[in-house]
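Subject: Structure handover

Hello,

Here is the structure for you to look over. My notes on what turned up in it follow below.

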Amino acid sequence: MGTSLNTFIEIFNTNFEVDEETVQLKKIVIPIIQRDYAQGRIDAEINRIRERFLDSLHQAIKDAPITLDFVYGDINANGVMTPLDGQQRLTALFLLHWYVAKKENIDASEQLFLENFSYETRYSARDFCSFLNKFNPLFTNKLSEEIVDQAWFPLDWKKDPTISSMLVMLDAIQDEFAKTQGIWEKLTDKAITFYFLPIKDMGLTDELYIKMNSRGKPLTQFEHFKAELEREFRKIDEPMTKRIIKKIDLDWTDMLWRYRGDDNVIDDEFLRYFKFICDIICYQNGGSTQGKSNDEFDLLKEYFSDENNNVMANIQTLEKYFDCWCCLQGENTPDKFLEQFISHEHQAGKIKRDEINIFNDCVRNYGDILGNGNRKFPLNRIVLLYAIIAYLLNKDIITSDEFRRRLRIVNNLIQNSEDEISDSELRSSGNRMPAILKQVDAIIKTGTIDDSIEKNLNLNQLAEEALKITWLKNNQDKAEALFELEDHELLQGQISIVGLEHAEYFLRFQSLFSCSLDLIDCALISIGYYGQRENKGWRYQLGSKKKKNMKSWRNLFHKSSNDGFERTKDVLAQLLSRYDSFTDDLLTEIINTYINDCETNNNYEWRYYYIKYDLFRPGSFGKYCWDDFEKRPYEFFVMQTETKISEYTYQPFLKAVYKDKLSKDHYGQRAIDGDNYTVCENAAYVVKKTSTDEEVQRLSIAQNDQGIDTEDRIKKLQLFLNSEIKEDNEGMAV
């Protein structure tokens with residue numbers, strides 16, 4: 001069995017060695033089980049592919065020859081070949097040769113081979129091919145119109161999908177080649193070739209044909225893409241072209257084969273990785289992908305044609321980016337290689353990620369968009385995959401252990417640079433991706449942060465990683481404890497909230513946050529106010545009791561534009577300093593001690609109420625609103641959404657007593673009672689008339705010189721309301 005390079009003309013009456021036997025190919029027959037000819041279907045995608053395919057054939061006639069990839073076929077003892085793969089290309093070549101033979105009045109003896117191509121998908125398709133070979137068009141109208149007008153063409157044939165597709169293709173061929181002369185000479189001079197792999201006595205069952213032809217696509221654009229790539233490369237360098245095409249057909253296909261989809265081909269996977277490489281080339285040259293075409297043919301033209309001054313460097317990048325995965329030794333496939341460095345959970349020597357096989361993720365999803373408009377393979381994964389490839393390209397100078405440490409640095413930076421690595425940032429004039437990739441290069445190759453690169457990753461995290469690099473030189477024995485802390489779900493690489501100055505707190509933090517989140521929240525607030533004000537706004541962040549919503553804690557533990565990070569860190573440090581490990585019982589003891597002290601000393605800070613009454617901590621998003629936290633700490637309300645005041649917002653001091661009487665129209669800031677409503681001020685409850693807002697009654701709250709309640713205002717309001725109810729009842733009794 002051997003592969004040969006053939007033209008459509010030559011393949012007929014050619015001898016092939018098949019299983020040590022010589023078989024002469026005399027006829028090509030598309031079998032009944034094969035799908036209909038689809039290249040002439042009418043829809044936007046197929047139209048685009050058909051136009052590109054014919055353009056590539058036209059360029060082969062006018063300029064450089066082209067090879068159309070592999071055709072596989074079974075040859076029986078009578079020399080009849082039935083294609084297993086390649087039906088679409090063979091049919092297109094049949095129609096092109098028919099058109100040229102008729103247009104250029106080629107001698108009948110030279111075009112006899114056309115009669116040896118036939119369809120058996122339907123009798124109508126077989127008969128159409130037979131009649132077509134005998135027909136000599138005038139070329140005065142569209143070919144399809146001339147053909148349909150013939151007496152031998154029944155109108156029912158227009159309903160045959162293969163025949164209707166052939167008619168569309170013939171019209172497209174006529175449009176493309178009508179003004180071109182001397183086409184037959186070029187066809188006989190090997191302008192268009194394909195590889196043919198003969199397969200004899202393989203037992204090609206209907207089941208196998210269905211499997212090989214159930215790609216879900218009427219036409220594979222990869223075949224056209226590869227042909228156009230070959231044509232562009234041949235303009236630049238012939239030996240390089242042969243090397244690349246061979247790698248595509250063998251090494252790169254073998255490497256990608258394990259990632260093939262249900263269609264049993266690697267076309268889409270190849271093109272997705274190709275698009276990734278094009279985007280990397282764009283970033284490396286200081287550009288942005290925003291507004292650029294995502295069409296692989298446009299990308300091919302932009303980066304890999306002789307119109308690009310850096311085309312040879314780009315081709316080298318393309319080759320290296322594929323080769324680096326092929327060069328993994330032995331059983332060290334991309335999957336197994338990545339498993340050595342990435343894990344779902346914390347493991348020594350690995351980074352923690354949701355996706356382990358990021359290469360598989362790339363070839364499956366690159367360039368695809370989710371329903372919400374986001375990328376299926378987002379920018380942060382582009383950066384991580386780039387870092388891994390940077391190592392593969394420099395394995396001769398970077399040890400495996402060095403890479404493990406450096407990949408962790410990159411991963412920490414990625415996880416804490418959400419704003420910097422974002423499409424919104426990419427769209428702005430301050431596109432950071434070129435600088436980000438430069439920084440990643442520096443880290444992977446040298447293990448250090450390059451301070452000279454401006455406007456790249458998150459500044460806070462860059463500073464922290466630089467500190468860690470220095471700290472670890474003197475604290476290698478604590479390295480694994482640090483890495484385990486970095487992998488905590490609340491920290492995700494940023495450990496500033498604990499700090500390198502307290503290595504003994506690394507394990508304590510993990511012990512603490514294995515406890516009840518509600519108890520942690522209350523224990524922290526009993527020590528001091530640990531919350532943060534959002535970017536000088538009116539929203540304040542505290543923790544949340546719900547494990548499904550950990551974002552509130554992450555907001556607190558990651559440096560940002562919020563005010564109060566150092567205060568949060570200080571309160572957390574005070575709690576961590578108390579015990580080597582934590583339990584719910586220990587936290588409950590801390591909380592109860594604080595409550596008892598407040599009640600014993602009649603000192604009811606707002607924090608007391610926050611801990612004492614569960615409704616102050618609904619656990620939604622940990623968001624609160626204060627107009628003036630310093631001067632009026634008791635005037636605040638609890639939010640039930642992450643960013644907006646809604647009808648479910650409420651004033652907790654009112655809700656504790658009035659429960660369901662809070663007005664949704666006033667965002668829970670009023671308790672409605674008949675014709676009056678009550679509001680909570682910093683040192684009093686005030687009753688007002690609904691109609692005039694006139695003050696009716698005031699229930700003052702005793703406070704000390706620091707403005708702190710010296711009586712429980714919630715209990716006082718309850719007693720007040722109960723006494724009023726009692727008086728009303730006594731009055732009714734009298």
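This is a predicted model: local features need pLDDT of at least 70, side-chain atom pairs count only at pLDDT 80 or more; totals for chains, interfaces and linings use all residues.

Start at Phe-403: with a relative accessible area of 1%, Phe-403 is buried.

**Confidence**

The protein chain has a mean pLDDT of 90. Of its residues, 92% reach 70 or more. Residues 201-219 fall below 50 in pLDDT. That stretch still makes 37 contacts in the model beyond near neighbours in sequence.

**Overall form**

The chain runs to 734 residues, and 54% of them count as buried. It holds 28 helices and 18 strands. Its radius of gyration is 37 Å, whereas a compact globule of 734 residues would come out near 27 Å. Along the principal axes, the C-alpha atoms fill a box of roughly 120 × 70 × 45 Å. Take the contacts with a separation of 6 or more: 64% of them join residues 24 or more positions apart.

**Aromatic pairs**

How many aromatic pairs does the structure hold? There are 73. One of them joins Phe-8 and Phe-113. This pair is edge-to-face, with 6.1 Å from centre to centre and 70° between the planes. Phe-8 sits in the loop between β1 (4-6) and β2 (14-18), and Phe-113 in the loop between α2 (87-103) and β7 (117-119), so the pair ties together parts 105 residues apart in sequence. Phe-8 and Phe-113 are both buried.

Now back to Phe-403. Its ring and that of Phe-341 have centres 4.9 Å apart and planes at 75°; an angle over 60 counts as edge-to-face, so this pair is edge-to-face. Phe-403 belongs to helix α16 (residues 400-415), and Phe-341 to the loop between α13 (334-339) and β9 (342-343). The two are 62 residues apart, and the pair links distant parts of the chain. Phe-341 is buried, at 3% relative accessible area.

**Charges over rings**

Lys-134 lies over the face of Phe-131, 5.9 Å from the ring centre. Arg-713 does likewise over Phe-653, at 5.2 Å from the ring centre.

**Helix α1**

Helix α1 (residues 44-62) has 19 residues. At 1.5 Å a residue it should span 27 Å, and its end C-alpha atoms are 27 Å apart, which agrees. Its buried residues include Ile-46, Ile-49, Phe-53, Leu-54, Leu-57 and Ile-61. Arg-50, Arg-52, His-58 and Gln-59 are also among the buried residues of α1.

**Buried residues and their contacts**

- Arg-408 is in helix α16. It counts as buried, at 5% relative accessibility.
- Thr-568 is in helix α24 (residues 565-576). At 2% relative accessibility it counts as buried. Pro-618 is 50 residues away along the chain, and its C-alpha atom is separated from that of Thr-568 by 20 Å.
- Gln-651 is in the loop between β14 (636-638) and α27 (652-658). It counts as buried, at 3% relative accessibility.

Is Lys-536 buried or exposed? Its relative accessibility is 70%, and the cut-off for exposed is over 50%, so Lys-536 counts as exposed.

Best wishes

Key:
Residues are numbered from 1 along each chain as its sequence is written. Side-chain values use heavy atoms; hydrogens and water are left out. Rings of Phe, Tyr and Trp (its six-membered ring) pair if their centres lie within 6.5 Å; planes under 30 degrees apart count as stacked, over 60 as edge-to-face and the rest as tilted. Helices (H or I, at least four residues) and strands (E, at least two) are DSSP runs, numbered from the N terminus. Buried means under 20% relative accessible area, exposed over 50%, partly exposed in between (1.4 Å probe, protein chains only). A charge sits over a ring if NZ of Lys or CZ of Arg is within 6 Å of the ring centre and within 35 degrees of the ring normal. The expected span of a helix is 1.5 Å times one less than its number of residues. pLDDT is the predictor's confidence in each residue, from 0 to 100. Contact means heavy atoms within 4.5 Å. The radius of gyration is taken over C-alpha atoms; the globule rule is 2.2 Å times the number of residues to the power 0.38.
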